[in-house]
Amino acid sequence: MTNSTSRRRRRAQLRRRIALATLVALLGAGSPALAGPVDGSLVRGHAPAPVPEGLPGFPGSPGAPRPRAFDVGPARDALERLLPRHAGQFTLVPDPAAGADRFTVSGSAGAITVRGSTGATLLTGVGWYLQHVAGADIGWPGESIGMLPARLPAVPAPVTRSALVPHRYALNDTDDGYSGAYRTFEQHQRQIDLLALHGINEVFVQAGAEYPYYRALQGFGYSAAELREWIPGPGHQSWWLLQNLSGFGGPVSERLMQERAELGGRIAEQLRGLGMTPVLPGCFGTVPPGFAARNAGAKTVAQGDWAGFGRPDWLDPSTPVFGKLAAAYYAEQRAVFGDSTMYRMSPLHEGGTVGTVDVKAAARAVQSALIAAHPGAMWAVLGWQDSPKAELLAGVDTSKLLILDGLSDRYNRLDRETRWGGAPYAMGTIYNFGGHTTIGANTSVWIDRFGSWRAKSNSALKGIAYLPEATGTNPAAFDLFTDLAWEPGPIDQRKWFADFAGRRYGRPDKEAAAAWEELRTGPYSTSSGLWSESQDSLFTARPSLTAVGAAYWSPKSMRYPADGVRRALDHLLKVDPKLRGSSAYRFDLVDTARQALANHSRVLLPKIKAAYEAKDLTRFRALTAEWADGERQLDAVTGSDPNFLLGNWLSAARSWGADEAEQDRYEYDARSILSVWGRRSTSEVGFLHDYANREWSGLIGELYAPRWAAYFETLEESLVRRAAPREIDWHAFEEEWARRTTRHPSGTNGPSGDPYTLATDIATALKSSEGPAR
């Protein structure tokens, strides 16, 4: 079946579901009491999601009904996808009576048994077996399962593990924007499989979140055309849901919204099938312009500016109109996505204006509307900057609230119990911003704080929150952070990385171990205090002789000694040739070579600056030629691995367009977020240009390298003519690139060149140009 035929069939199914649900939506809009009990299974044909610990009906709660057996089919299907050659050697046994979040692994060679309390927990048990017994890695990205023996090894003795915390949450509000808003269901399914394999049980679902707004707001005075203009393109919808912007990258078509809603519904259903909680966006009052004029009794507050964008208005939740809007929104959401027990909302994110709104009363109304639609549901709110505010916490039942702390590993002297008055929270990490291709994380901070914060006598720590702004860039960090919730004793960081090196390529190797020891003591042992992410590359920065970073908000200097990454590259190049065939080795080799070269940009730029200021034209030309060669090598080495191809990002965006004009519009949505981000005011005044910089083949060769070449040309002209260099309008330069529709290699046939040869060339070049990075 072709993609277009499949999509037409799914659209027809979606239209039938929406037609069936229209009466439900209308009833729900008039009466929150009617909206609440409607079971998503009546519309979608599935059972409600399991209720998380601490809410009525959870298997561990006093007086709860006896747990029912669950369908192991979705877990079995995931296992077939993850381990196609070895899935038949696993027996998955549903064991809901074993207690929440628990698995047991046992068995002889070729006959492994995993018992678990949910489908996802069964997969977590499989993941534990691969990590601790079979010595193989299914990373994000890269895997070594090709090194597994035909007959899997026995488990020496049965092992049981229980999760240390009930909440294991994943995905930042920005993940869809920075990881790829135009991904397929199969790509999202792979993400879910990996999250389950690593013990996650709550996953944010953003795809299609615009559709409930689109449907509900047509009942409050807005035409379909007005709403299609107000809703941003998919690449920018993350920030619309955060009430930061509207409209940019659009208009969106109704067909696109329907297809994205269908995709989001499938993602939610996939999660439910594994016993995981789909975390859906909630309604807290974001409305289009003119809402109060069209709805009697409504009171809205203009939210001011966010990074050069006018923020959408905020409907005062304490007014009766909000209750009606929220009921209509949740009814429309239920029709397509079904029900859940957790909803994401962050009012006043990164600013906003309170006006005369009573925040305490507003928070109470937001939670009341959620509970009316979904009795017992939990509100998940991001802990970021000064949010959630004390006034918000004072207005809600915090037993039905979970704070996802995005700053747990960034600053020192944190006391979350005092800061949030004992409200439950999950220790989180944001070690990636904007999708940067930089490696590293504050892993020693994670290990220390998770244990010490849980051990506090008044601890309110109830979970972990995996919150990089983009996923799929840092497999070691993903593995280690999710291990926190399942390892019964304190993690020994040195031993963990040594073990990781062994399973990452399918067998212990002294050179691999040495490489990962260098990476452990360098980029993976950065400290808290100011940053949770490592520095980005100057090759990706807007040109300047004084550039200290590409993204305005990134670290301004090296956070670890640069020479360790170069030594890690040398060790990886000496790994046993028999271990070099896996996608894990290829990715790590390319990624480490890329990082070593990126770090060298901080050595080379000061030399170029010194030559220019000394008016040494010969040396200036030699050094800028070396810079250009570095960018050429960077573009080539990243082009040898499918995870670093710009073409994948662009072709995905175009695949959602029905005609050339729509394809071009979505490609601009995808290109702009990597470069200008938004309009000129956003890029320049809001400092968001290059926020999502990344070292990808195609992006380097078509944007970053020409940008630096143009700049160096102006400096060379100034030296020759002994005049001030001419000015370049960088926003116009970058906007022209964002408007292009040039094609780039993509898909399985996209990578070119031999990663080992290209990485060797980089290592050789770096040895001849060593010096301390700044």
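A salt bridge is a side-chain nitrogen of Lys or Arg within 4 Å of a carboxyl oxygen of Asp or Glu. The model is predicted, so local features need pLDDT of at least 70 and side-chain atom pairs count only at pLDDT 80 or more, while totals for chains, interfaces and linings use all residues. Residues are numbered from 1 along each chain as its sequence is written, and side-chain values use heavy atoms, leaving out hydrogens and water.

By the salt-bridge rule, the count comes to 55.

| Pair | Distance |
|---|---|
| Arg 81 and Asp 193 | 2.8 Å |
| Glu 518 and Arg 567 | 2.9 Å |
| Lys 767 and Asp 570 | 4.0 Å |

Lys 767 lies in helix H29 (residues 755-767) and Asp 570 in helix H21, 197 residues apart, and the pair links distant parts of the chain. Helices here are DSSP runs (H or I, at least four residues), numbered from the N terminus. Asp 570 is buried at 14% relative accessibility; buried means under 20% relative accessible area, exposed over 50%, and partly exposed in between (1.4 Å probe, protein chains only).

Glu 518 in helix H20 (residues 510-521) and Arg 567 in helix H21 (residues 563-573) are 49 residues apart. Glu 518 is buried at 17%, whereas Arg 567 is partly exposed at 31%.

Asp 193 is buried at 2% relative accessibility, and Arg 81 is partly exposed at 30%.

Conventions: Helices (H or I, at least four residues) and strands (E, at least two) are DSSP runs, numbered from the N terminus.
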